[in-house]
Amino acid sequence: MIPIKSKQELIKIRKAGVQVAKTLRFLKSKVVPGITTRDLDEEAARFISRGGGKAAFLGYRGYPGHICTSINEEVVHGIPCGRILRDGDIISLDVGVEYEGYFGDAAITVPVGKVSAEAQRLIDVTREALYKAIDAARIGNHLSDVSCAVQQYVEAAGFSVVREFVGHGIGAHLHEEPQIPNYGVPGNGVVLEAGMVLAIEPMVNAGTWKVEVLSDGWTAVTKDKKLSAHFEHTIGITKDKAEIFTTA
Ligand code: MF3
Ligand code: CO
């Protein structure tokens, strides 16, 4: 069963979402060549706690960071460390915040300094794929219409969608039903209803869709070591069009 949120719950998820969005906006301003992902993690930890929230990823199934920082061929779940960001890298910043017992989750991919035209196009296509998915997340549509919207847009642009990782329901827990793949044919799965809250997160690769997880047990990388980008929003099926909760 997919939980339907009450008005009171939606208010709390909105608050969590705003904290996530503010943290991402702050972190984006810190991304410059020379900074380490650990610096970003520490900045995030301070920013989130000053906002009155809790970093939702820390300790989740033993995850050691406050946020995820995934560079270049890293797809998701990169662990912050001493690695220095270099001009031309791209980095995905993934932030989850728990606020008054409710969760928000979002991710952006940003260029470090000046990046190649192809890297920028990968970022732009991934962001747009997320917005296509959000547009398909409407009352009465099927869940797989959302998945299909991502796949169609991404593959038409010549990129591939990751299959091993999915978006998810969210609210009183970081991960709830349903799982939301980024590929599929339309008309399958549950029918979307008012009160559902979803974290939609396309992960898009420049080359093969295949990924593998490094020996740290977390970092997912592309099999061919080509670039990958990731965007995520927490949204609510609250009215005619979905409402994006992770905006500041
Ligand atoms: N946005 C990611 C997800 O929903 C981040 C989770 S990182 C983890 O799975 F450490 F919390 F697993
Ligand atoms: Co997520």
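Guide: A polar contact is a pair of N or O atoms within 3.5 Å. In this predicted model, a polar side-chain atom of histidine 175 lies 2.9 Å from an oxygen atom of ligand 1.

Visitor: Which residues are the closest to ligand 1?

Guide: Ligand 1 is surrounded by 13 residues, the closest being Tyr63, Asp94, His168, His175 and Glu232. In the side chain of histidine 168, an N or O atom is 2.8 Å from an oxygen atom of ligand 1. For aspartate 105, a polar side-chain atom lies 3.1 Å from an oxygen atom of ligand 1. Of the 330 Å² of accessible area that ligand 1 has on its own, the protein covers 94%.

Visitor: Which residues are the protein donors of the cobalt ion (ligand 2)?

Guide: They are Asp105 (OD), His168 (NE2), Glu201 (OE) and Glu232 (OE), at 2.1 to 2.3 Å from the ion. Along the chain, the donors follow the spacing D-x62-H-x32-E-x30-E. Glutamate 201 is in the loop between strands E9 (197–200) and E10 (203–205), and glutamate 232 is in the loop between strands E13 (228–230) and E14 (233–236). This pair, 31 residues apart, links distant parts of the chain.

Visitor: Are glutamate 201 and glutamate 232 buried or exposed?

Guide: Glutamate 201 and glutamate 232 are both buried.

Visitor: Why is the arrangement around the cobalt ion (ligand 2) irregular?

Guide: Ideal angles for six octahedral donors are 90 or 180 degrees. Around the cobalt ion (ligand 2), the arrangement is irregular because the six donor atoms subtend angles of 67 to 174°.

Key
Residues are numbered from 1 along each chain as its sequence is written. Chains are lettered from A and ligands numbered from 1 in the order in which they are written. This is a predicted model: local features need pLDDT of at least 70, side-chain atom pairs count only at pLDDT 80 or more; totals for chains, interfaces and linings use all residues. Side-chain values use heavy atoms; hydrogens and water are left out. Donors are N, O and S atoms within 2.8 Å of the metal (3.2 Å for Na, K and Ca); water is not among the atoms, so sites may look incomplete. Four donors count as tetrahedral if all angles lie between 85 and 135 degrees; four count as square planar and six as octahedral if opposite donors are over 155 degrees apart and all others between 65 and 115; anything else is irregular. Helices (H or I, at least four residues) and strands (E, at least two) are DSSP runs, numbered from the N terminus. Buried means under 20% relative accessible area, exposed over 50%, partly exposed in between (1.4 Å probe, protein chains only). A residue is near a molecule or strand if one of its heavy atoms lies within 4 Å of it. A polar contact is a pair of N or O atoms within 3.5 Å; within protein, one must be able to donate a hydrogen and the other to accept it, and residues adjacent in sequence count only if both atoms are side-chain atoms. Accessible areas come from the Shrake-Rupley method with a 1.4 Å probe; for residues, only the protein chains shown count as cover.
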